[in-house]
Amino acid sequence: MTTSAHGNDYDIVIAGGGMIGTSLALALAPLGLRVAVVEAVAQRAVEQPSFDDRSTALSRSTQRMFEAMGLWEEIAAAATPIRSIHVSDQGRFGFSHIDAEEQGVEALGYVVINRVLGNVLQARLLGLDGVDVLCPARIVDIDLAPERASAVVEDNDDKCQTLTCRLLVAADGANSAVRDMMGISAQKTQYGQRAVIGNLLPENKIDHRAFERFTPQGPLAVLPVADDRAGFIWSVPEHDAERVLALDDEAFLSELQEEFGYRLGAFSHAGKRASYPLTLSKAVRLTATRSVLLGNAAHGLHPVSAQGFNLGMRDVAALCDCIADDRGDANSCDPGDEQLLQRYARWRRSDQKKLLRFTDSLVHLFGSSRRPLRTLRNIGMIGFDLIPGVRSVFAKHTMGLAGNLPRLSRGVPLK
Ligand SMILES: Cc1cc2nc3c(=O)[nH]c(=O)nc-3n(C[C@H](O)[C@H](O)[C@H](O)COP(=O)(O)OP(=O)(O)OC[C@H]3O[C@@H](n4cnc5c(N)ncnc54)[C@H](O)[C@@H]3O)c2cc1C
């Protein structure tokens with residue numbers, strides 16, 4: 001555990017130094033606040049659950065955020081632009097697509113490997129003045145009093161210390177223990193599916209194209225990654241997941257190919273595979289006294305829309321906006337002020353609700369073989385391709401550019 005340069009009193013303590021917690025600490029940097037990040041798993045450890053081998057599609061709004069935070073140049077060096085998205089429904093001839101050029105943008109989004117993103121974010125975090133990183137260490141108890149919150153932090157040798165702060169942020173993921181300690185429950189629905197992820201080499205160049213294929217078993221996304229390889233996220237029924245994971249490379253690629261078809265030619269050279277349970281989750285509240293939920297601690301989505309992290313980044317941007325607006329000068333700012341937190345919660349609820357509903361309905365609409373739903377999705381796909389404007393509204397949502405966006409999501413740096 002790193003020793004604190006500021007004593008044990010902070011403006012903000014962040015529980016969880018994963019994709020969202022680390023991004024929040026970096027986004028807050030210009031505001032001159034004293035921040036501690038408490039992360040349970042050692043940086044660059046193979047078992048780091050957030051910065052692992054998944055490929056994440058970053059939306060335009062997330063890319064703009066990293067740009068405004070002065071991080072994009074480094075991330076871009078390892079990111080692959082998505083120039084078109086191709087959506088198809090297994091067993092149907094039609095397909096829909098969104099094109100970057102048609103939308104007047106250079107890319108609809110960018111794909112980056114989580115581990116690579118983590119290396120960039122964590123390296124920058126360690127160099128920041130005013131931020132202490134306590135890692136590996138975990139928050140094991142909290143107390144939320146009107147004037148100050150406190151968190152008991154335990155390191156790997158079972159040594160404990162107590163941190164106090166004006167705002168405690170729970171960014172400790174879907175099974176957030178800090179959320180439970182805040183007394184906030186989450187509504188959870190299991191999809192009965194697992195996402196099997198990995199990468200492969202397609203015979204034809206993927207050439208900056210992303211594919212979303214809906215099958216009765218679950219959606220299959222294929223994304224462009226470095227070296228002409230393709231990352232895949234294949235949702236398989238929970239009861240079949242173990243069998244699929246145990247297949248040898250040849251049998252695995254053959255099953256995947258059957259689901260995807262030959263749009264990219266034959267698949268070969270399968271990489272390492274891993275799997276994730278898929279759950280829809282929504283915290284019943286976003287805040288408690290001097291505390292707030294962020295990222296997966298607040299909401300968990302099916303990866304079909306590739307939006308969980310992007311949504312969390314808009315949470316980060318909105319919280320930073322609320323704090324920056326309240327700041328006046330750094331000494332008078334109270335980031336845990338009740339009204340500030342209420343303003344944040346009102347702002348974020350509608351974006352979160354809409355995206356959760358949209359993602360969930362995609363899974364159900366396209367996962368069903370019932371005739372009325374098949375008809376509905378055929379009409380939907382035809383309308384999507386033929387009605388001018390529908391595609392650009394959808395593209396705007398996919399790029400994270402819809403609604404009332406905070407400064408950082410618009411690419412405006414915080415000062
Ligand atoms: C297969 C798959 C593909 C996905 N693809 C995309 C995509 O393309 N685009 C997209 O936008 N999103 C995608 N997502 C969603 C995205 O991965 C998540 O939204 C994102 O990881 C959430 O980050 P987080 O920091 O909130 O939580 P996590 O990533 O779960 O991080 C939580 C961190 O908190 C730490 N922690 C836990 N408990 C404690 C404690 N008590 N004290 C201290 N630290 C603690 C953990 O060690 C971890 O580092 C995908 C998800 C899956 C499963």
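How many helices and strands are there in the protein? The count comes to 11 helices and 20 strands, taken as DSSP runs numbered from the N terminus (H or I, at least four residues, for helices; E, at least two, for strands). The model is predicted, so to speak of local features takes pLDDT of at least 70, side-chain atom pairs count only at pLDDT 80 or more, and totals for chains, interfaces and linings use all residues. Residues are numbered from 1 along each chain as its sequence is written, and side-chain values use heavy atoms, with hydrogens and water left out.

Of the 415 residues, 54% are buried, meaning under 20% relative accessible area with a 1.4 Å probe, protein chains only. The largest nonpolar core has 55 residues, and F66, I75, V169 and I323 touch the most other members; such a core is a set of buried Ala, Val, Leu, Ile, Met, Phe, Trp, Tyr and Cys residues joined through side-chain atoms within 4.5 Å. The biggest share, 10 residues, comes from helix α8 (residues 308–326). Another core, of 30 residues, lies apart from it and includes L108, A195, V225 and V363.

Helix α1 (residues 19–28) packs on α8 at about 30°, with the axes 10 Å apart; axes are lines fitted to C-alpha atoms over the stretch in contact, and angles run from 0 to 180 degrees between N-to-C directions. That makes the pair roughly parallel, the label for angles under 35 degrees. On the α1 side, the contact (heavy atoms within 4.5 Å) includes M19, I20 and L24, with F309, L319 and I323 among the α8 residues.

Methods: Buried means under 20% relative accessible area, exposed over 50%, partly exposed in between (1.4 Å probe, protein chains only). Angles under 35 degrees count as roughly parallel, over 145 as roughly antiparallel, 65 to 115 as roughly perpendicular and the rest as oblique.
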